[in-house]
Amino acid sequence: GQALRETPDHAPCHCNLGSALQALGRVDEAIASYRQALTLQRDFAEAHLNLGNALQVKGVPDDAIASYRRALRHKPQYAEAYYNLGRVYQAQSRWAESVSAYRRAVSIQPDYAEAHNNLGNTLRAEGKLAEAIASYQKAVAVQPGHVEAHNNLGLAYQANAQPDAAKASLERALAL
């Protein structure tokens, strides 16, 4: 509040307020704050990303996709925007688009464990088990304590008729 009173035309303040409001579950107010930030600074990639996240929470996936794409126009190497785009496509069972977005995210940021994990989930949903296994392996290589990725790796091994590998991965997930 104080920062906005002192600098009402400062886009980052509006974006930060939006993040705080969204964390409090006040999504409509967060959307308004992100839009105000973008009125002040149209090329503010983080505000486009945050607006996309809020729109996704609100259940407006097409608008979220448009926001993520605007973020990427202003910041083409924005791994998080590709990741979030992948999540929206994944939720809509748009597998090819989801895979493409996740692959872009991990090509920009190779240590992005969550993107590798979600890429694996999307590939597994498509029945591409060998590729899914490779993605899960990358996720656990960059983040050895990633329980969900170990679990997903075990399930992919199981579906791929590799029971010993499945057992080892699932035991690792349980141990973590």
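At roughly what angle do the axes of helix H4 and helix H6 cross? The legends below take up this question after an overview of the predicted model.

**Figure 1. Overview of the predicted protein model.** The model is predicted, so local features need pLDDT of at least 70 and side-chain atom pairs count only at pLDDT 80 or more, whereas totals for chains, interfaces and linings use all residues. Residues are numbered from 1 along each chain as its sequence is written, and side-chain values use heavy atoms, with hydrogens and water left out. The secondary structure consists of eleven helices and zero strands; helices (H or I, at least four residues) and strands (E, at least two) are DSSP runs numbered from the N terminus. The C-alpha trace spans about 60 × 30 × 25 Å along its principal axes. Of the 176 residues, 44% count as buried, that is, under 20% relative accessible area with a 1.4 Å probe, protein chains only. The protein exposes about 8,900 Å², of which carbon and sulfur atoms supply 51%; accessible areas come from the Shrake-Rupley method with a 1.4 Å probe.

**Figure 2. Close-up of helices H4 and H6.** The axes of H4 (residues 45-58) and H6 (residues 79-91) cross at roughly 20 degrees and come within 10 Å. Axes are lines fitted to C-alpha atoms, for helices over the stretch in contact, and angles run from 0 to 180 degrees between N-to-C directions. The crossing angle makes H4 roughly parallel to H6, a term for angles under 35 degrees. The crossing of these two helices is left-handed, meaning that the near helix is turned anticlockwise from the far one by less than a right angle. From H4, Leu 49, Asn 53 and Gln 56 meet Glu 80, Ala 81, Asn 84 and Val 88 of H6; contact means heavy atoms within 4.5 Å. The residues of this contact divide into three nonpolar, three polar and one charged. Ala, Val, Leu, Ile, Met, Phe, Trp, Tyr, Cys and Pro count as nonpolar, Asp, Glu, Lys and Arg as charged, and the others, Gly among them, as polar.

**Figure 3. Close-up of helices H7 and H8.** The axes of H7 (residues 95-108) and H8 (residues 113-125) come within 9 Å, with a crossing angle of roughly 155 degrees. H7 and H8 are therefore roughly antiparallel to each other, the term for angles over 145 degrees. H7 passes H8 in a left-handed crossing. Residues of H7 in the contact include Trp 95, Tyr 102 and Arg 103, and those of H8 include His 116, Leu 119 and Thr 122. The residues of the contact divide into nine nonpolar, four polar and one charged.

Note on methods. Angles under 35 degrees count as roughly parallel, over 145 as roughly antiparallel, 65 to 115 as roughly perpendicular and the rest as oblique. Buried means under 20% relative accessible area, exposed over 50%, partly exposed in between (1.4 Å probe, protein chains only).
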